[in-house]
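Subject: Structure for you to look through

Hello,

Here is the structure I said I would pass on. Please open it first, then read my notes below it.

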Amino acid sequence: MGRGGIPSIDDKRDRLFSISDLGSPSPWGIQDGYYPPGGLFASVNQIGMGFGAQPSSSDSPNNGDEKLPYAELFVKYVQSLGKVENDGVKAEERNKSRKKGGLQLKIKIRNPSLRRLISGAIAGAVSRTAVAPLETIRTHLMVGSSGHSSTEVFGNIMKTDGWKGLFRGNLVNVIRVAPSKAIELFVYDTVNKNLSPKPGEQPKLPVSPSLLAGACAGVSSTICTYPLELVKTRLTIQRGVYDGLLDAFLKIIRDEGPGELYRGLAPSLIGVIPYSGTNYFAYDTLRKAYRKIFKQEKIGNIETLLIGSAAGAISSSATFPLEVARKHMQVGALSGRQVYKNVIHALVSILEQEGIPGLYRGLGPSCMKLVPAAGISFMCYEACKRILVEADGEE
């Protein structure tokens with residue numbers, strides 16, 4: 001053949017084995033965006049496409065519409081790699097949050113009122129059981145039945161009853177405190193939430209909502225559970241007189257009348273209003289001060305324990321004389337003791353007979369009991385509210 005018949009392969013050296021202008025707009029006759037499946041030289045027809053050989057109509061590309069084999073699988077594979085990576089990052093973040101926050105126990109309870117009641121009951125039971133020995137010593141000191149100092153009372157109880165004597169009446173105390181604390185904390189949270197102004201609103205009342213809410217909470221819980229408080233005091237002081245809680249109730253009603261179950265209620269209400277109001281007001285104020293000073297919205301368990309203990313110390317010291325009068329009125333004429341007509345009569349009589357120190361007899365063990373009890377109660381309550389949630393992921 002002559003040299004002019006077929007163009008030389010060397011005419012265009014910039015393309016590897018590319019024959020120019022043989023009906024292919026691009027090298028190898030491959031349309032833009034189309035790549036032969038299985039490699040460039042996967043079939044004879046595909047090789048011929050670059051050298052002017054026409055493939056059969058059944059094998060030719062259909063205007064770029066032919067789908068590549070395994071293309072969908074390849075896309076899914078790439079997407080799965082990204083999903084695995086994202087899931088891995090999320091799992092790692094969850095693990096970090098769990099390690100940082102410790103055990104994340106969550107129990108779903110949809111009713112917010114039920115969540116508050118359960119949290120309050122648990123907080124009351126745990127706190128009072130932890131300080132039951134101090135409560136027993138304090139009660140004996142108030143009425144002077146086993147000594148005039150904490151050491152003397154402790155020694156007499158250990159000699160007569162042993163360790164069980166320190167927890168005498170604790171079951172009744174827990175039965176009383178659990179519903180009492182549940183009602184108290186429920187009322188406080190509900191009233192405080194409704195009275196507190198929303199961001200940007202003016203205060204609804206001239207006084208602090210927490211102060212009024214605390215007073216309402218104390219009154220509500222006291223009225224509901226006062227008979228149990230009186231029976232608990234009788235079981236602690238009058239050893240051997242009653243066989244148990246039910247027996248004490250029946251004997252008091254039979255011998256002294258139903259009204260005896262509410263003896264001392266007036267000084268209790270008078271005492272609980274300033275005590276409970278001061279307690280919750282101090283607690284709320286200290287929590288706000290902590291958030292402002294340390295610039296932390298969440299308050300840990302240890303901080304809550306300390307804040308609650310400080311609030312308990314403030315409220316207990318301010319209202320202790322009324323507590324002493326209430327205990328004296330509850331005991332009544334036990335062992336020839338004087339019967340008081342009302343709280344004023346009790347306070348005046350104690351002041352005349354024992355002076356001012358008589359109004360604060362037992363303040364030391366009372367603070368030893370009330371201060372940690374308040375701290376433990378608030379700490380358990382806040383912890384239970386974090387555990388009992390409405391839905392997954394809620395704090």
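Some terms come first. On a 1 Å grid over the protein atoms alone, a cavity is a set of points where a 1.4 Å probe fits but cannot get out, and a residue lines a cavity if one of its atoms lies within 4 Å of a point. Grid points are joined across faces, edges and corners, and the volume is the space filled by probe spheres set on the points.

Please keep in mind that this is a predicted model: local features need pLDDT of at least 70, side-chain atom pairs count only at pLDDT 80 or more, and totals for chains, interfaces and linings use all residues. Residues are numbered from 1 along each chain as its sequence is written, and side-chain values use heavy atoms, with hydrogens and water left out.

Cavities

How many cavities of 30 Å³ or more does a search of the whole structure find? There are six. The largest cavity holds about 680 Å³ of space. It is lined by 37 residues, and R128, V272, Y275, E323 and R326 are the closest to its centre.

Helices here are DSSP runs of H or I with at least four residues, numbered from the N terminus. At least two lining residues of the largest cavity come from each of α3 (112–130), α4 (132–143), α7 (170–195), α8 (209–237), α10, α11 (301–331) and α14. Helix α10 gives the largest share of that lining, with eight residues.

Aromatic pairs

Rings of Phe, Tyr and Trp (its six-membered ring) pair if their centres lie within 6.5 Å; planes under 30 degrees apart count as stacked, over 60 as edge-to-face and the rest as tilted. This rule gives seven aromatic pairs. One of them is the stacked pair of Y283 and F378, at 3.8 Å centre to centre with 10° between the planes. This pair links distant parts of the chain, as Y283 is in helix α10 and F378 is in helix α14 (residues 363–387), 95 residues apart.

Buried means under 20% relative accessible area, exposed means over 50%, and partly exposed is in between (1.4 Å probe, protein chains only). Y283 counts as buried because its relative accessible area is 4%. F378 is also buried, with a relative accessibility of 4%.

Y290 and F294 make a tilted pair, 4.7 Å centre to centre and with 40° between the planes. Both residues lie in helix α10, four residues apart, which is about one turn of the helix. Y290 is buried, at 13% relative accessible area.

Which residues do ring pairs link into a cluster? They are Y188, Y280, Y283 and F378. Y280 sits in helix α10 and is buried because its relative accessibility is 1%. Y280 and Y188 are 92 residues apart along the chain, while their C-alpha atoms are separated by 8.3 Å.

Salt bridges

A salt bridge is a side-chain nitrogen of Lys or Arg within 4 Å of a carboxyl oxygen of Asp or Glu. The count by this rule is 13. In one of them, R234 meets E256 at 3.1 Å, N to O. These two residues also link distant parts of the chain: R234 is in helix α8 and E256 in helix α9 (residues 245–256), 22 residues apart. Is R234 buried or exposed? R234 is buried, with a relative accessible area of 5%, whereas E256 is partly exposed at 38%.

D255 bridges to R254, with the closest N and O atoms 3.2 Å apart, and both residues are exposed. Another salt bridge joins E354 and R361 at 3.0 Å, N to O. E354 is partly exposed, at 32% relative accessibility, and so is R361, at 29% relative accessible area. Salt bridges with shared partners also join R116, D189, E382 and K385 into one network.

Most residues other than glycine have a negative phi. K295 is not a glycine, yet its phi is positive, at about 55°. K295 is in the loop between α10 and α11, and it counts as exposed because its relative accessible area is 72%.

Regards

Terms used. On a 1 Å grid over the protein atoms alone, a cavity is a set of points where a 1.4 Å probe fits but cannot get out, and a pocket is an open set with protein on both sides within 12 Å along at least five of seven lines; lining residues have an atom within 4 Å of a point.
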